[in-house]
Amino acid sequence: DQALDGLVLELPEPGALKLTVMAPDGSPASGAAVFVRDASGRTLEPFSMQTTGPDGELLVKSLAPGDYTVLTRTKDLCSPESAAVRVRANEVTELRLDLGVGTIVKVQLQSKESREPVRGSVRVLDAADRDYANLFGYQDLQYLYIEGGFSPTEHRFGPLPPGRYTVHGQAGDQSAKKPVTLKGGERRVVMRLK
């Protein structure tokens, strides 16, 4: 129940990332959703409406100086998470990302007692504990609402880059986790809660 007066916040001068995203055939990738993570692995905008233009480029502005990683994806392709790139105040740092094979992951949680599908929450973590389940772009909106892909008991993620992940599911006081290796295409994961 107190108020503070005279609090001054000093913001550092921002920098920017100029991204160039290329398709597997070497052409610019238009309409690719872009996700930027800070040095701790936190996604700056889990719901990304930022997409590349016809030239495959996107300028991500107003970034505090520091290290970032970037992931980009289209409806069926994705880039690996980039190496850390440093953004400096009043500078534009350039980064090229190459799209490649990705995996659409569909996760269903099942009740411990009946094995019936249940509603719950799902996380998909890579080896560095970065969550890929919280990345949501414009193409995900299209799938859910325009193409009718919404399901209350099936979670759809991706495409995700090839690699090893751990899928975590939670429904009430029941939980489950399962390691998966993704190599492309579609991967269905069914998890029985305990």
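Modeller: Two residues are in contact when heavy atoms lie within 4.5 Å. The model shown is predicted. Among contacts between residues at least 6 apart in sequence, 65% join residues at least 24 apart.

Biologist: Which helices and strands does the protein have, and what box do its C-alpha atoms fill?

Modeller: The protein has one helix and 17 strands. Along the principal axes, its C-alpha atoms fill a box of roughly 60 × 60 × 30 Å. Of the 194 residues, 42% are buried.

Biologist: How many aromatic pairs are there?

Modeller: Rings pair if their centres lie within 6.5 Å. By this rule there are two aromatic pairs. One of them joins Phe-47 and Phe-136, with ring centres 5.5 Å apart and planes at 25°.

Biologist: Why is the pair of Phe-47 and Phe-136 assigned to its class?

Modeller: Planes under 30 degrees apart count as stacked. The planes of Phe-47 and Phe-136 are at 25°, so this pair is stacked. The pair links distant parts of the chain: Phe-47 lies in strand 3 and Phe-136 in strand 13, 89 residues apart.

Biologist: Are Phe-47 and Phe-136 buried or exposed, or in between?

Modeller: Buried means under 20% relative accessible area and exposed over 50%, with partly exposed in between. Phe-47, at 40%, is partly exposed. Phe-136 has 26% relative accessibility and therefore counts as partly exposed.

Biologist: What can be said of the rings of Tyr-132 and Tyr-165?

Modeller: Planes over 60 degrees apart count as edge-to-face. The rings of Tyr-132 and Tyr-165 have centres 5.4 Å apart and planes at 90°, so the pair is edge-to-face. Tyr-132 belongs to the loop between strand 12 and strand 13, whereas Tyr-165 is in strand 15, 33 residues apart. Tyr-132 is buried, with a relative accessible area of 3%, and Tyr-165 is buried at 4%.

Biologist: Which charged end sits over the ring of Tyr-132?

Modeller: That of Arg-37, which is 4.8 Å from the ring centre.

Biologist: Which residues form a nonpolar patch on the surface?

Modeller: Phe-47, Met-49 and Tyr-138 form the patch, and together they have about 310 Å² of accessible area. Met-49 is located in the loop between strand 3 and strand 4. With 46% relative accessibility, Met-49 counts as partly exposed.

Terms used:
Residues are numbered from 1 along each chain as its sequence is written. This is a predicted model: local features need pLDDT of at least 70, side-chain atom pairs count only at pLDDT 80 or more; totals for chains, interfaces and linings use all residues. Side-chain values use heavy atoms; hydrogens and water are left out. Rings of Phe, Tyr and Trp (its six-membered ring) pair if their centres lie within 6.5 Å; planes under 30 degrees apart count as stacked, over 60 as edge-to-face and the rest as tilted. Helices (H or I, at least four residues) and strands (E, at least two) are DSSP runs, numbered from the N terminus. Buried means under 20% relative accessible area, exposed over 50%, partly exposed in between (1.4 Å probe, protein chains only). A charge sits over a ring if NZ of Lys or CZ of Arg is within 6 Å of the ring centre and within 35 degrees of the ring normal. Patches are made of residues with over 30% relative accessible area and no salt bridge: like charges are joined within 9 Å, nonpolar side chains (Val, Leu, Ile, Met, Phe, Trp, Tyr) within 5 Å. Accessible areas come from the Shrake-Rupley method with a 1.4 Å probe; for residues, only the protein chains shown count as cover. A salt bridge is a side-chain nitrogen of Lys or Arg within 4 Å of a carboxyl oxygen of Asp or Glu.
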